[in-house]
Every structure is written in C-alpha cells, then in structure tokens.
Amino acid sequence: MRHLDRQVDPEHSHPLEPYLRMDRIPHIWCSTCGLGTVVNAFLTAVKASGIPREKIAVVSGIGCTGRAAGYVNFDSFHTTHGRAIPFATGLKLANPDLTVIVISGDGDLVAIGGNHLIHAARRNMDINILCVNNFNYAMTGGQFGPTTPKTARTTTTPYGSFEHPFNVPFLVDSCGATYVARWTALHVRHVTTAIQEALTRRGFSFIEVISPCPTVYARRNRLGSGLDLLQFYRDNSIIKNGVDTRECDIRFQEELIVGKFVDVEKPTYLDTMSEYLRESVGERYMPYVGPMQPPQPDNGD
Amino acid sequence: MAANELTNPLLTGAHYWDGDFACAEGAIAAGCRFLAGYPITPSTEIAERMAERFPLVGGTYIQMEDELASMAAVLGAAWGGARAMTVTSGPGFSLMQENIGLGVMTETPCVVVNVQRGGPSTGLPTLTGQQDMMQARWGSHGDYEIIALCPSSPQECFDLVIRAFNLSERYRLPVMFMMDECIGHMTEKVVVPRPGKIHVSQRRWYRGKKEHYKPYLPGKDGVPPMVRAGDDFRFHITGLTHDERGYPVINAACQKTCVSRLVNKIKDNTDQIAILEEEGTEDADVVVVSYGISSRVATRAIALARARGIKVGSLRLVTVWPFPENRIRELARKAKCMVMPEINMGQVYLELERIAGTLCKTTLLPHCGGWVHDPQDILEAIVQGAK
Amino acid sequence: MKFWRKPLDADLVKPPHGRVHILINRCKGCGFCIKYCPRNVLEFSEEFNRKGYHPPLVVRPDDCVNCGLCEVMCPEFAVWVTPDEDKKLNQEPVSGGKRTN
C-alpha cells in the first residue's frame, strides 16, 4: 500500500481558504457528512455577496453543526445550547452594522432553542438562520429530536420514534418569518443562492438544509452512507417554490419538498422600533447611540 | 423635574427615589445603553424605568421571551460593543445561570441585577430575602470566582451599580448586583452628582496589532484586553475549554491553564476588589458582619448595644464576593465574637464561620425571609457575644 | 452529453475548459465530487491517501468544463477548479491511476 504524498497542482490553494481558519482544518465532521458541504456553500455565498468580512458575525450553538463557527474566519461565537439566536439578537442590536448569521442544528434551534426561534421570527429580527437538519442529535451519539421523522430509529427511540415531528418551515412561517426556504446538501447551488439572498436582504431569514448524517442517523436506520442519502435526496426531492409551508411535512424516507417558500418584505425589528418610538416619543427621541468605540490605534499607545 | 430633563443621562440633583429607580439611573449614568430583561417582581421597576429612559438617552431596551434569552442577549450585546445589563429576581436568576457561566468562561463584561426575594421556587414574590447569596457565588456549574455587590440604600444602588460596571470591565466578567426587595422598594434621598464627579471606567480595549491579537492572552493582572465584533479581528470565542487563541482544546492541561486563570484573576485580587465599610472595629469585643438590608437593621441594634456600654463594631460587606478573608481573619483575632444577621438560613455565614470560627466565637442570626430582623434579636446576640 | 442534433452555433461557442486541483491528503473519500461531476471527470483512485481514504483521480481531464460543482460540494475543501483554455494535456496523472481519453 503506497501513500500518495505528491499533490496535484500544489501551487494554488483552495479559493475559500482565506475564509477558513486553516489552523483548524481538517474539521471534525465525518466522511460523507453534509456539514462540510453546507459550510462550503455558506462561504461561497459570503464571498459572492461582497459583504466586507469584518461585518460578518457567525453565532452557533452546540452540536455538530454548532462547530461550524469554529472553522469560519469571521468573528464567531460558539455559545450555549439553544441560545445562539438570543445571543445573535443582542449582537445585532448592539451593532446594527453587523450581518449576523446563526449556523446551528435542528436540535439546537428547534428543540431547546425553539422558543427563541419563534420570537425572533415574530419580531422579524434582522438575523439569518442557517438550520442544518440531520434529523437527530448527532454530536451526542444520535438521539432523536423534534425533527426526527416517525418510525426512525435513534438511540433514544430504539423501537422507532412515535412522536410527530415539527414541520420547521411551517413553524417559522406561522410566526411571521419573511424568508423561508428548505434545500438539501445536494442542492448546493440553491443553498448558495439562498444564503446569498438571505445575507443581502433585510429581516429574518430561515434556511433549512437537510443534510446526511452517515455515522449515526443513516447507520441506525440502514440508509447507507451520506452519498447514498444524497442520492435519496436526488431521487425524492421535489422543488416547489412558493408552496404553502403546511404541505412540507417530512415523513421517514418519503418525498421531500424543497424550495423557497416565503420571500416577503416587512419592516425589521429595528426599523419598526425606531419609527414607532420616533412617532410616539416625539422630538425627545434619541436613537440608539451605537456600540462603544475602541480608541484608534494611532491615538492609543 | 421638568420633562426635558429626562433626556439627560445624568439627573444631577437631590431626588426621592426607591432603590430600583436609583439602580436604573445609576446604570444609565454608568453608560449602560442595552438592557435585555424579563419582568419579575421585585425587579420590574428597574426594567420599566430603563424602558422609559432609553429612548430618550439613546439606549436599546428589549424584553426577551425569557431569562435565558435575556442573559444570552446581554452577552451578545457586550460582544457587539455595548455596555449591557439585565435585571431579575430569584427564579429568573436560576434560569440565567448557564449563560452566566458562559459569560464567566468567555470573560464578557456585563452586570446582572438580582433583586432578591423570598424563596425557594416562587416563594414570596413581593417580600424580601437574601437567599441567593450562595447562588451568586456558585450558581453556574464548574469552578469559577465571581464578584457580587450588595447595596444597602437607594443612594448606594445608584453609586454601587456604577462601580459594578467598572469592576465588570476591569476584570472582564459578569458582576452580580445583589439587591433585595426591601432596598429595591425603599424610598430615600438619592443625590446624583454633577458630570465629571462620576468615575466610569473605559472598556479595556486591545491596543496592539491585529495580527498579534489573541483573545485570551492575559495581561500582567491575569485579565486579557477586549475587542468587539466588526473590527476585523475575526476572533473566535467558545464556552468550551479554550487556549489563548480562543480555540477549544479538550484536555486536562488546557483546563488547568484556562480555569486557574479565571479563578485567580479574582482570587489574587480580592483585597483590591473588596469594598468594606467598617465602623468602631478597632477595639470591638463584638463585630457585627452584615450586608444589604440587614446592615440597616444592624445599625439600630449596634446603637442600642453601645448605649449599654458594649464595645461593638460593624463590618458591612459591600462586596460579598470575593469574600474578604484577610480582613475577617484580622478582626477575628481581636474580637470575642462575630455576629452575622442574614435573611436566609445561613449562607454567607458559612464563609464567616470557616474563616473566623477557629479564632473567635461566631453567631448566625438566620431569618427565613419575608421581613427583616427585629433589632432586639440582633441586640441579644451582641450581648451574648460580649460575655 | 448527447445531443439529438448538433447545435447550430457549435462552431461559434466554445465550452469553457477547467483544470481540477485535488489536495489528496485533505480528502476524506466521500465521493460527492466523483458522483456528481456532470462530465464524469473524476473517479476513485485505487491508491490510499495518508488518511486511509481513496481520493479522486482526474481520469477525463479534457471533459472538465469548469462548472465548479466539485469545488462547492467538497466537504473538505480539497477540490477546486481553475479555468484552463489550453486544451493540451498538461498534467501528469497521479501514479497508479487509470487514464482514458
């Protein structure tokens, strides 16, 4: 067995390397996990959006997806389980010039973080949520969660899950989210476009990306590797842009509806707040003064 | 006061305010411009005053969906560059503990105000207690040190919350501001000084080159300088045990470096952080050690005892954590007895007994909450202690 | 790609050509790039890399049209393409790999 040390065309490096913390690559995600692909799409979208990289802030929670914050070369925050969204809210309100993205998993955002998800959607808080849904709590070994389809086997549903899962696009849509989309890790171009749209628009945006989990979810349910699951997405996903989110339930290994479901304009939380206060407080109103400014390097010592 | 003065962040002059109100005004005077909270008696009035004043002084008030979100939002705002605080009481304080731990681990400057009430659980929502003192010290999981301040008058609510912000910036951690319902709802004269007479510390900003920046490389006092998001530092912070770069390193060696520094930056600086008010302790036979509302009651008992000729001194803990071990030990060597009234079943007393118990007699005056001590009970303990 | 008739502007339109770069030892052998390349440019190498996976091998370098799907699908940031208008074969195959024109 001979190891291949010679690299093909080493004079170039991957174009996204400036956007990665190269001192932390390779990442911990398994072979055929979709997370690397989602992060790749995310960074491609950030690059294409033209947003200055110092204005990007990434907040994540706990879980496999939550590790994404540690690999991207932006101001990034790996917070507590379920609390990425309120942390992101505080960050955005303190410095509205930031473009804040929450990258977290289905358990983190919809289970323990569910309350924060619905309120941020209701408020139309100007943050962008990238929810990677692999149907279980992968980091801790593959327990079920509120997005696990009925009959799926996980470590805490060894006989199959009997709970009805959330239809997450419907959930956030019903709370007033102004941008709701669902794609899979296979639909990389759509994911990239969706993230780019989300970053450049104003208001709350929610993108669910169905992603394979080879090591726990797929293995326990005999679904093959992540590559097999991508093939499943290819054969069974149907793009229905603009469809009513009510119809987007996910059943175990059945047809998967993907697409951009909601894309509307509504005033953001900050817009509403300042407009309303300006009117009701009157001429005494003073808008938020902004974050504290560090001294300029040439003025300091 | 004239309506247009409400746009002034500093309401210089003499006022007749309750503790909650004074705390809100003190925070505004200290430059706090972000509050994320959830209403809970008896702290609600602080949030209400901030909600009223912030649109006039350029702050942002957001009422989050619960206390967990409130604390997370406060941490996020601090990293966005704001001076941030939240207000709560016992049940909310319990909910905030996980994120207080995140604040300690990521060294985020902010202030958490707990207007204590009777507990446990829902307890006595409208009546006083001092029952969260140990929780302020140990409420979150893991090893850490904390700073907790206890005002004992509305004037102190104003002055001390400014110091709380200064301490949080100086030592980079969430500072617990432990009021109680009595102090919060007590109305007294509060004098707000002129501008320039209030000392507000600047955030300890990093001033070096961007390429050399490491989020957790400490200065000589064990505290690293701070940055904010949006300035192209592209830092990473995490609640996982981390190294100087802020990256998670999951092993015992890194844990030792990381956690020891979090503990020692407070522990080693206890004498600088501690704020104590002493009176008559130089030659006292009995020293009454108290904090918060109990110290107001103790003042009466001490006066009665002195009228009887007993040499009694008062040590008021303005900072309860870190506990001022050195000063307690010094006083315990000279006194016959130390008496501690607390509106709980003995919390800070555990520290007092641990430090002073081998050197002098220590007496606890517990109280389950809902009201304050009877000065006669404290007097009786002083008399017994002087024997 | 099969056409049912030759496109009328086939003489005027030149499809782009790309060159695939692979960081062999970064690869974790997921197969995404191999399976979803629309021109079947890549296949699994028979050799192992340092991690013990079979990395991809460029077997039909002339067919790459620089679409970049492999680049964006790769979870490890180990594959990317650059535009290459020189149609001559100018890259050595990785040793031991298959080569077909």
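Helices (H or I, at least four residues) and strands (E, at least two) are DSSP runs, numbered from the N terminus. Residues are numbered from 1 along each chain as its sequence is written, and chains are lettered from A and ligands numbered from 1 in the order in which they are written. This is a predicted model, in which local features need pLDDT of at least 70, side-chain atom pairs count only at pLDDT 80 or more, and totals for chains, interfaces and linings use all residues.

**Stop 1: the segment before α1 of chain A**

Select T32(A), which is found in the segment before α1 of chain A. Its phi is near 70°, a positive value in a residue other than glycine. A residue is called buried if 20 or more other C-beta atoms lie within 10 Å of its own, exposed if 12 or fewer, and partly exposed in between, with C-beta atoms placed from the backbone. T32(A) has 26 other C-beta atoms within 10 Å and is therefore buried. The segment before α1 (35–49) of chain A also holds P26(A), and the peptide bond from I25(A) to P26(A) is cis, with omega near 10°.

Next, select T151(A), in the loop between β4 (128–133) and α5 (168–174) of chain A. Phi of T151(A) is near 80°, again a positive value in a residue other than glycine. Is T151(A) buried or partly exposed? T151(A) is partly exposed, because 14 other C-beta atoms lie within 10 Å.

**Stop 2: the contact between the chains**

Colour the two chains separately. Two residues are in contact if their C-beta atoms, placed from the backbone, lie within 7 Å. The contact takes 45 residues from chain A and 48 residues from chain B. On the side of chain B that touches chain A, α3(B) supplies the largest share, 10 residues.

Now display β2 (residues 75–78) of chain A beside β10(B). Two strands pair if DSSP finds at least two bridges between them; these two pair in the parallel sense over three bridges. F77(A) stands opposite I237(B) in β10(B).

**Stop 3: the largest nonpolar core**

A nonpolar core is a set of buried Ala, Val, Leu, Ile, Met, Phe, Trp, Tyr and Cys residues joined through C-beta atoms within 7 Å. The largest one has 229 residues, and among those that touch the most other members are L130(A), A77(B) and F177(B). The element that gives the most to this core is α3(B), with 10 residues. Centre the view on L130(A): residues that it touches include F42(A), I103(A) and V209(A), not counting residues up to four places away in sequence.

**Stop 4: strand β8 of chain B**

Select β8 (residues 174–180) of chain B. Seven of its seven residues are buried, so the strand is largely enclosed by the rest of the structure. P174(B), M176(B), M178(B) and D180(B) point one way, while V175(B), F177(B) and M179(B) point the other way.

Which strands flank the selection? Strand β5 (residues 110–118) of chain B pairs with β8(B) in the parallel sense over seven bridges, and N114(B) stands opposite M178(B). Strand β7 (residues 147–149) of chain B runs parallel to β8(B) and is joined to it by three bridges; the bridge partner of A148(B) is M176(B).

**Stop 5**

Finish at P322(B), in the loop between β14 (319–321) and α11 (325–334) of chain B. The peptide bond from W321(B) to P322(B) is cis, with omega near -5°.
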